[in-house]
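Hello,

Here is the structure we talked about. Please open it first, then read my notes below.

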Amino acid sequence: MRNFIEMDFDTWFETYKPMKNPIDPYASFDGYMFETYGDEVALVKNQDPNRIWMYGDGDDGEGHIWSGWGYINRLGYFITTIPFADDTDVQVNMNDYYYNCENCNTDWEGEAGHRVNDTLGLFYKCPACASDALIAESKYTPV
Ligand SMILES: [Zn+2]
């Protein structure tokens, strides 16, 4: 039986301590991310499998970091100095999804963005620009 744990980025960073990318000091995430091609991904593949993490887009439209090697929807990799446990899958939730209202240009982030997208988004409106009647009709509820 495998364990599955979720955490936010800050907790992950403090727990597993990613190492800086020694090839590109200007890498994404303040120099911690590794690219999916060339010398950088080659360096990733050379690491202990329990220190490799993939960064990519989830089915929920948000960015995640997952423990272990992977390549579907990948955007980059991380290498941590602390390995994850053999029997544990870790998912880091970046909560970076946002919905931008085309009507009034308001951004709704994370869970609020999902809710607007699923309700008022169908009418190309958001809680900032929709009438009370439309909010009720769309079944939008605040987070
Ligand atoms: Zn709006």
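What percentage of the 143 residues of the protein count as buried? The figure is 27%. A residue is buried if 20 or more other C-beta atoms lie within 10 Å of its own, exposed if 12 or fewer, and partly exposed in between, with C-beta atoms placed from the backbone.

Two notes before the rest. This is a predicted model, in which local features need pLDDT of at least 70 and side-chain atom pairs count only at pLDDT 80 or more, while totals for chains, interfaces and linings use all residues. Residues are numbered from 1 along each chain as its sequence is written.

**Overall layout**

The protein has five helices and seven strands. Both are DSSP runs numbered from the N terminus: helices are H or I with at least four residues, strands are E with at least two. The radius of gyration of the protein is 19 Å, well over the 15 Å that the globule rule gives for 143 residues, so the protein is more spread out than a compact globule. That radius is taken over C-alpha atoms, and the rule is 2.2 Å times the number of residues to the power 0.38. Along the principal axes, the C-alpha atoms fill a box of roughly 60 × 40 × 25 Å.

**Domains**

The domain assignment gives domain 1 (3-93) and domain 2 (98-138). Such bounds come from an automatic or database assignment. The C-alpha centres of the two domains lie 32 Å apart.

**Cores**

The largest nonpolar core has 16 residues. A nonpolar core is a set of buried Ala, Val, Leu, Ile, Met, Phe, Trp, Tyr and Cys residues joined through C-beta atoms within 7 Å. Helix H1 (9-16) and strands E2 (52-57), E4 (74-79) and E5 (88-93) each supply at least two of its residues. E2 gives the largest share, four residues. Among the residues with the most contacts inside this core are Phe34, Trp53 and Ile79.

Look at Ile79. Leaving out residues up to four places away in sequence, Ile79 touches Pro18, Met19, Phe34, Val44, Gln47, Arg51 and Ile52. Contact here is C-beta atoms, placed from the backbone, within 7 Å.

There is also a second, separate core of eight residues, including Tyr99, Cys101, Val116 and Ala130.

Gly58 lies in the loop between E2 and strand E3 (63-67). Is Gly58 buried or partly exposed? Gly58 is partly exposed, because 14 other C-beta atoms lie within 10 Å. Gly58 and Tyr140 are 82 residues apart in sequence and 24 Å apart in space, C-alpha to C-alpha.

Best wishes

Technical notes. Contact = placed C-beta atoms within 7 Å.
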